[in-house]
Amino acid sequence: MRTALSRLLGLLWLACGTALGTATADAHPHVWITAKSEVIYAPDGSISGIRHAWTFDDMFSTYALQGIETKTKGAYSREELSSLAQTNVESLKEFGYFTFARADGRKERFLEPVDYFLEYKDSLLTLHFTLPAKAPFKAKQTALEVFDPAFFIDFKYAEKEPIKLVGAPADCKMAFQRPGDGTAGAQKLGEQNFMGGGDGANYGAMFANKIMVECP
């Protein structure tokens, strides 16, 4: 049986497909996520995966929890949320988990999530999961981006410790660039893309969170 979260994602992405074929005004987020991420390194200095923690907005969290039975009213354990967590990661698979990586310009790919679970705290759901690299990779420059190409999900990274390098070589340096906040310039580019007959596939890239890691 499909859960509320799976149904909601289906509705959102059905709407998303409609929006991309109609007008720029429809391209706005319907789900808001506050994110934290960790870049995980193996002992040999290669990147072995990305660990995410995505906290959903209150409206989405409330909707997703509908119909879930709990032992204690208003409290949800990992076990009680396990089925919902599985549905969540399965629903995100076709979107590449909104995580895109390049190592020295080469596109890198990730396997399906491991160690995933949902946490309920302060009336919000947080999805924790790790994306293992398909093949651990080393690079002088690694570029990671987290965003929804259609901009139906808005990713905003936490103000405090948004990105961590876990086990990275001491000489690696990290820079983090947050996306714009819907500036007039970005809006104009989006309008040109849509009104010019484009499919809108790159609209969300203007709102990408960019992580750059340089290792000599």
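Phe 98 is placed in the loop between α3 and β3, where helices (H or I, at least four residues) and strands (E, at least two) are DSSP runs numbered from the N terminus. The model is predicted: local features need pLDDT of at least 70 and side-chain atom pairs count only at pLDDT 80 or more, while totals for chains, interfaces and linings use all residues. Residues are numbered from 1 along each chain as its sequence is written, and side-chain values use heavy atoms, with hydrogens and water left out.

Phe 98 has a positive phi of about 55° although it is not a glycine. Most residues other than glycine have a negative phi. Phe 98 is buried, with a relative accessible area of 1%; buried means under 20% relative accessible area, exposed over 50%, and partly exposed in between (1.4 Å probe, protein chains only). Glu 161, likewise not a glycine, has a positive phi of about 50°. Glu 161 lies in the loop between β8 and β9 (163–166) and is partly exposed, at a relative accessible area of 45%.

## Aromatic pairs

Rings of Phe, Tyr and Trp (its six-membered ring) pair if their centres lie within 6.5 Å; planes under 30 degrees apart count as stacked, over 60 as edge-to-face and the rest as tilted. The count by this rule is 11 aromatic pairs. The rings of Trp 54 and Phe 98 form a tilted pair, because their planes stand at 45°, with centres 6.5 Å apart. This pair links distant parts of the chain, 44 residues apart: Trp 54 belongs to strand β2 (residues 47–56), and Phe 98 to the loop between α3 (82–92) and β3 (99–103).

The rings of Trp 54 and Phe 155 have centres 4.9 Å apart and planes at 65°, so this pair is edge-to-face. Here strand β2 is linked through Trp 54 to Phe 155 in strand β8 (residues 153–157), 101 residues apart. Trp 54 and Phe 155 are both buried. Ring pairs join Trp 54, Phe 95, Tyr 97, Phe 98, Phe 129 and Phe 155 into a cluster.

## Strand pairing

Two strands pair if DSSP finds at least two bridges between them. Strands β2 and β6 run antiparallel and are joined by 8 bridges, with Leu 131 in β6 as the bridge partner of Ile 50. Strand β6 (residues 124–137) is mostly covered, with 10 of its 14 residues buried. Strand β5 (residues 114–121) also pairs with β6 in the antiparallel sense, over 6 bridges; the partner of Phe 117 in β6 is His 128. The hairpin of β5 and β6 has 2 residues between the strands, and in it Asp 122 takes a positive phi near 55°.

Strand β1 (residues 31–41) and β8 run parallel, joined by 5 bridges, and Val 31 stands opposite Ile 153 in β8.

## Lining of the largest pocket

The residues lining the largest pocket divide into 6 nonpolar, 2 polar and 7 charged. In this scheme Ala, Val, Leu, Ile, Met, Phe, Trp, Tyr, Cys and Pro count as nonpolar, Asp, Glu, Lys and Arg as charged, and the others, Gly among them, as polar. Strand β3 gives the largest share of the lining, 4 residues.
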